[in-house]
Amino acid sequence: MAILRRYAAEIAVTVAVIAGSVVVSLGDGAETPRNAAVGWVCVALACAALFLRRRYPLPVTIFTAVCCAIYYPRTDPDGFVLLAFAFALYNNASTGRIRSAAVVAAVSMGGVAIGEMGAGASRQVDNFAFLLMAGWFIALVAVGTVTYYRREAERTKESEAQRRATDERVRIARELHDVLGHNLALINVQAGAALHGKDPAKAEEALTTIKQTSKEALRELRATLGMLRQADTPSLARVAELAESAGAHGLTVRTEIDGAATELPPDVEHAAFRVVQEALTNVARHAAANTVVVRIGYTPHDVSVQIDDDGRGGTAEPGNGIRGMTERAEALGGELTAAAREDGGFRVRARLPLRVKK
């Protein structure tokens, strides 16, 4: 059944060519058809070649044209082998080989014209039939061309849909990483303090912080899974919350603003907030720092966020955090650097243009 479905068009054309040729032969009044064996060989070869049309579209088109060139001048009655050539011509154009299809059609019509001029009074194709055949060939090439471009448009549309779906999955994965990574890292730090600490008051304070942090994590997770509604989109106005959350975990966070704060595009503000969030998460987990300085700079053309800590510094291990921050910045036409500072500690700096470069 699979083979029948794959070669349904070829089988249909073959049946039409053979059946049409048989009907014409039976209805012909001639007692001894001229070169009947040659004619049937041409029919068989032309139809058999159609089953190779997917792999060799142009050679099959030329071969069926040659079969027609042998069949029609040398045999009678005129069968339907031309249908095989017409199908091959359409197939050649529909696979994107439009120029070659047009050339083969033009050469075929030229061959017919030259052959009829040499035939003199014994012409087999009159002027009307010749024009009709030319129009038929042009129509086949045109329909094949339309089919090709329609398929290409559908393929492009499907590829674009797949690309958008992939981008959306990456965006959601990045959001989940930022939300869960930040809050779970802080919860882990506080849980360790509560587990190993000997002061009940500090343990109670750590558990209170864990409760608040987990509540915030659930709130942001709901917002993310709710496709990040605009009202819930994080903004730089909430950097103070990040500073307060980090302060509850033993870090001293200082925020500095350079330039006049302006209203930012939502995607830019969202990305800037996530960079600050991820950087503070990395400091809490890896830096062994005491102080963090968050600098936010506004210019008419871009916004920058810079996070400096006084921790151990060194080379950052490549991971999802830095990669995610870099992808956010680059997606907006900006840039991000993450490296140790010369005077100790670590620095993350992102520059985000206010207009996305296209």
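Visitor: Leaving aside its neighbours within four places in sequence, which residues is Arg349 in contact with?

Guide: A word on the ground rules: this is a predicted model, where local features need pLDDT of at least 70, side-chain atom pairs count only at pLDDT 80 or more, and totals for chains, interfaces and linings use all residues. Residues are numbered from 1 along each chain as its sequence is written, and side-chain values use heavy atoms, with hydrogens and water left out.

Now, Arg349 touches Ser304, Val305, Gln306, Glu335, Leu336 and Thr337 once neighbours within four places are set aside, contact being heavy atoms within 4.5 Å. Arg349 sits in strand 5, residues 346-353 (strands are DSSP runs of E, at least two residues, numbered from the N terminus). Take Ser304: 45 residues away in sequence, yet 7.2 Å from Arg349, C-alpha to C-alpha.

As for the strands, strand 3 (residues 302-309) pairs antiparallel with strand 5 over 8 bridges, pairing needing at least two DSSP bridges. Val305 has Ala350 as its bridge partner there. Strand 4 (residues 335-340) also runs antiparallel to strand 5, joined by 6 bridges, with Ala340 opposite Phe346. Strands 4 and 5 make a hairpin with 5 residues between them, and Gly344 in the turn has a positive phi of about 100°.

Arg349 counts as partly exposed because its relative accessibility is 33%, between the buried limit (under 20%) and the exposed one (over 50%), with a 1.4 Å probe and protein chains only.

Conventions: Helix = DSSP H or I, 4+ residues; strand = E, 2+ residues; numbered from the N terminus.
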